[in-house]
Amino acid sequence: MSMPDISAHPAARARGVTAVLGPTNTGKTHLAIERMLGHASGVIGLPLRLLAREVYDRVVERAGAEAVALVTGEERIKPDNPRYWVATVEAMPRDIDPAFLAVDEVQLAADLDRGHIFTDRILSARGREETLLLGSHTMQPILERLLPGLNVIRRPRFSQLTYAGERKLTRLPRRSAIVAFSAEEVYAIAELIRRQRGGAAVVMGALSPRTRNAQVEMYQAGEVDFLIATDAIGMGLNLDVDHIAFASTRKFDGFQRRDLTAAEMAQIAGRAGRHMRDGTFGVSGRAPAPEPDIVQRIEAHEFPHVELLQWRSTRLDFSTLAALRASLDVPPTEAGLVRAPLRDDVLALDHASRDATVGALATSREAVERLWSVCQVPDYRKIAPANHGDLISDIYRHLMADGRIPDEWFAEQVAFCDRSDGDIDAIANRISHIRTWTFIANREDWLADPVHWQETTRAIEDKLSDLLHERLTQRFVDRKTGALTRRLRENGSLDAVIGDNGRVDVEGHHVGMLSGFRFVLAPGDAGADQKALRRAAMRALETELNDRAQQLAAATDSEFALNGAAQITWRGEPVARLAPGDRLLAPAILPLLDEQVPTPHREQIAERLKRFLDAKLRETFKPLFEIAEDEGLTGPARGVGFQLVEALGVLERAPLADILRDLDQPSRALLRRHGVRFGAHHVFLPVLMKPAPRKLAAELWALGRPEGEISALRQIAALAFSGRTSIDAVAGAPEAAYPLMGFRLTGPRAIRIDILERLADLIRAATSYKPGDAIVPEGAVDGRTFTTTLAMMSLAGAAGDEFAALMKGLGYQPQKRKADTLPAAASTAGVAESEGAPSADTPTVPAAEDQSAGVVEAAEISAPEAEPAEVAAAPADAAPAHSDPLIDEEGNVTVWELPRRGARPGRAPQRDRDGQGEGRRDGDKRPGRGKPARHGKQNGKPERSGFKPQKPAREKPVDPNSPFAALAGLRDKLNDKKDR
C-alpha cells in the first residue's frame, strides 16, 4: 500500500481518489465491494471488527475463501495468496500495493479517540488504480480542502427517514432498535422489554464479534422483535430495523458526558429503513424530545460541515524515548488538521517510560521501536490507565529479556480467562481480557508458537462468547412467548393440549392452566409479554372452550356444586361466583368466563347455572319455598311465613308478639304443617337447623358483606359445627350472624336454637310446679323460681360460670338461698331419664368433622327438633329434687327468677296470644301468678292498641296436632290414677 508524503503537493493526494458521500442507506459500502471485486486486488478498511467480518463473508461468497484475507487486531484469516483484504482501519496492511483501496466512514476522522488513524488513511492510503473514501456528505468541504481536485459523488438515501415522536418503551413497534449509551442502561431496557414484550437482542461494542453476531442473527431471524444497542449499530451494520428509539441522547466521549450532535443522531437513526423501505426514529424512556430544528435537519440530512480532522504525526523518531515522545507532539502544519489528544498508546508509553527497568532497556532505535509497538496493544480491559501501563511494561520486559513472551507466563494469563462461572458481567470481563491475549497472539514475532496460542485464545474467546450469548438470551429473551407469537403470526392457528389437571401446552410449551372457563398464565410467565402469550394461548383454546360450553349446557345437576366460597363449581372447577341479589334466596350469578367465550355460549352457560342454583336452593330450603307458594296462608299467617322466608327459617319470637296475638289456631296449624315450630324464644323450622341449610344460609348472607363480618362468620361456623350446644361469642361478630348458624346470642355466650327451646321446656316444667302437685319436675322450687339441674347444664353444654352467663343473657335473675331453707332434697337418680335429657357424660350431638375452606364447612350433624319434656311420676308428697353438686361450700343454692316481661338483654320466653308458650294447654295459669290469664280490659283500662278482646282461650278447641296435647292427656291420666 503506497504511502505518499503528507508534505507532497496536496493535489497529488487526490490523484485517483473519489469521495462517495451521503447519508446512511445510500449503498456506499455495497458500491465499494463491487468496485473492489472489479479489480485484480484490493483492500477495504472498515470502522468495526463486526462490520469487517460481515463484509468478509460477503466477499468470500463472491470470490472464494482462498482469495480473501481478514485482518483485525484480534483475528487474522490469511490464505496463501489472497487477492482481497478486508480489515479494520487500524489493521489495514501497509506492506502491499493493491489496485483498489477504500476507507469507510471517513467522518470518524473527526473523532477524538480514533480520528488520527482515519486522517492518516485519508491522506496516505492509496490504491494503484482507484481509491474510494466513503462517508457523510458533511466531509465534503474538508476533503476538498485537503485533497484539491477530489472527485466527489453525492448519493441520495434510498428511503425516507421521518420522526415518529415519543413513545413508551413498552409501546414501541415491532422491529425496533432502542439505543442507549451504557451497559447498565442497555441491560435495564432489555430486562423491561423481556417482561413486557417477550425479549430483545443486545448489541454493544464491548461484546465480542461472535457474541454480537449471534445476537444480531437472533434478531434478524425474527426470534425477537427488538434490539437494544449502543451507538455501535450506527457504523454500517445492516439490520432489518424499521424504527430507532433513542432511550438516551447523552454519551460519554472519553472526556465528558455530552449531548449527541444532530449528525451523530442521524448516523444512528439512519439504520431505520433499509434499501427502499422507509424508516422512523423517535425518543423513548427518559430521553428528551429533540428540538424541532434538529428533527428537521435529521430528516433532510442537513448538518454542519466537519471543520477539523484529528491528526498525529506518522513520522516518528525512534532514536530515543525522548525523541519518540517529541515526534508524537509535533503539531500539524496544514489547515483543517488539529493535533489529536493523548490516547491509550501514548499514555501507556508515558507510564512505561517512567519505569526505570524499561528505560534501561529502551536505549536503541530497535528497542524504542519495539516499545512503541507494544504500546499499540489495545486496552480492552478498561481497568485503569496505570493497570494497562503495567501490562505494557511486563510484556516489553519479557520481549527484551528473551526475545519472546514466555509460554508459562502467557499460559497463566490465558488460564485466568478460561472459566465459565459467573454472571453476564463476569463473562464479559473475561472476554475483554482474552481479547487482549488474542491480540498479542496475533503478533507473530512475540511468541514461540503463535499459531498454537492463536488457536487457544480464539477457542476460549469463542467459548466465552457463546456462553455470553446464552446468558444474554436466558436473561433477556422469553423464547416461549417469542415462538408462540411467531407461530401465531405465521399460521394463524396453534395446537393446544389440555391435560386432565388443566395444564395447557401450546405448540409444546407449557403456558398455564385452564380452570373451568378461565385461563391462568403459568407463574413463570409473570414477566413475559402477557398479552401476547395470553392471545396465543386463547387462540389455541378456542375449540376447547366451545366444547366445554356445550358440555356444561348439557350437564346434570350432579355435576355442579356450591363449594362453600360463594362459587358454583362444575366438575370440581369454579365456573361462577354468587353476588348479592334482590333477596337472599335469589342471589345473582356471575359466570367466570374469559372474554374469548362467544356470546351465545355465555348465555347458555348463564341459563344452565341459574337452573342448577334454583334447584339447589329449592332442595335445601324446600319448606321456605312451599310456604312462599302456599296460597292458603293469609293474613297474619302469611306475614309470619313471609318473614320466615326472608330470614331463611328462623325468627326471634319477641318482635312477633303483636302478629302472634292475632294468629289463631287454624292458622298456626297451617304453618305447623310446613314444619314451623312456635317455641318459647323463636319461631323456626327445625328441619332447617341442620348444618347443610345453615351453611348455605350463611353463604347467602355473606354475599357482599365486609371481609371483617365474613371472617367473624367463619369463626362462628368453626365453633358452631364442632358439636357443641353452646359456644363463646366471637368478638366483633354481628348479632345477625348467629341465627344463620342456628344459634342465639345470649350475652357472652350463644346457644343452639333448638337446644334453647328444649332448655325452655325444662324451665317451664320446673316453674309450673305448685306445692302439692303430683308431678314434681326436676329443679322446681316454688313456682316462681327454679334451680340449675344437671340436665339443664348437660343440655346447654355449659356449667358453673358459663351456664350462669347463659342464663343471665336470657334475662333470668340469680338469687342465693340456703339449701336447708328449701324443701328437703330427694335423690336425683333417674333425673337424666326424666325429661329425656342427656347426661353430662353423654354428648348431645355427634362431633362434627374438621372445618375446611369457605364460610361454613362441617359434617352434617343431627339437630333433633325439640319436643316438650316428659316428666316422671312421683309420690304426691315428694319434695322437689336437688342435686348435691349444685350446693356451694357455704351451703347455698342458686335459684333463678323468671325475667320480667320484655327484659333486656336476653328476652324472656314469649307466650302465645293467650299468654302462654306453645305446649301449655289453653286456660292454664301463668307460672308464678296463681291466676288465669286475663283478656280484654285490665284494671279497668283498655288493652294496648292492636289487641282484640277475645273469648277466654279455654273455650277454644285444642289443636289435636299440637305436641302438647299428649302432655295434657298424660296429666289427666295421672290425675285419674291418683283419684282412684
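A residue counts as buried under 20% relative accessible area, as exposed over 50%, and as partly exposed in between (1.4 Å probe, protein chains only). The model is predicted, so local features need pLDDT of at least 70 and side-chain atom pairs count only at pLDDT 80 or more, while totals for chains, interfaces and linings use all residues. Residues are numbered from 1 along each chain as its sequence is written, and side-chain values use heavy atoms, with hydrogens and water left out.

Of the 980 residues in the protein chain, 51% are buried. The chain holds 31 helices and 35 strands, taken as DSSP runs (helices H or I, at least four residues; strands E, at least two) numbered from the N terminus.

Across the whole structure, 53 salt bridges are found, each being a side-chain nitrogen of Lys or Arg within 4 Å of a carboxyl oxygen of Asp or Glu. Within helix α28 (residues 753-767), Arg764 and Asp761 lie three residues apart, about one turn of the helix. Their closest N and O atoms are 2.7 Å apart. Asp761 is buried, at 5% relative accessible area, and Arg764 is buried too, at 16%.

Other salt bridges span the sequence. Glu334 pairs with Arg13, with 2.8 Å between the closest N and O atoms. These partners are 321 residues apart, Glu334 in the loop between α10 (321-328) and β18 (337-339) and Arg13 in helix α1 (residues 10-13). Arg13 is buried, with a relative accessible area of 3%. Arg475 and Glu191 form a salt bridge at 3.8 Å between the closest N and O atoms. Because Arg475 belongs to helix α17 and Glu191 to helix α6 (residues 183-197), the pair ties together parts 284 residues apart in sequence.
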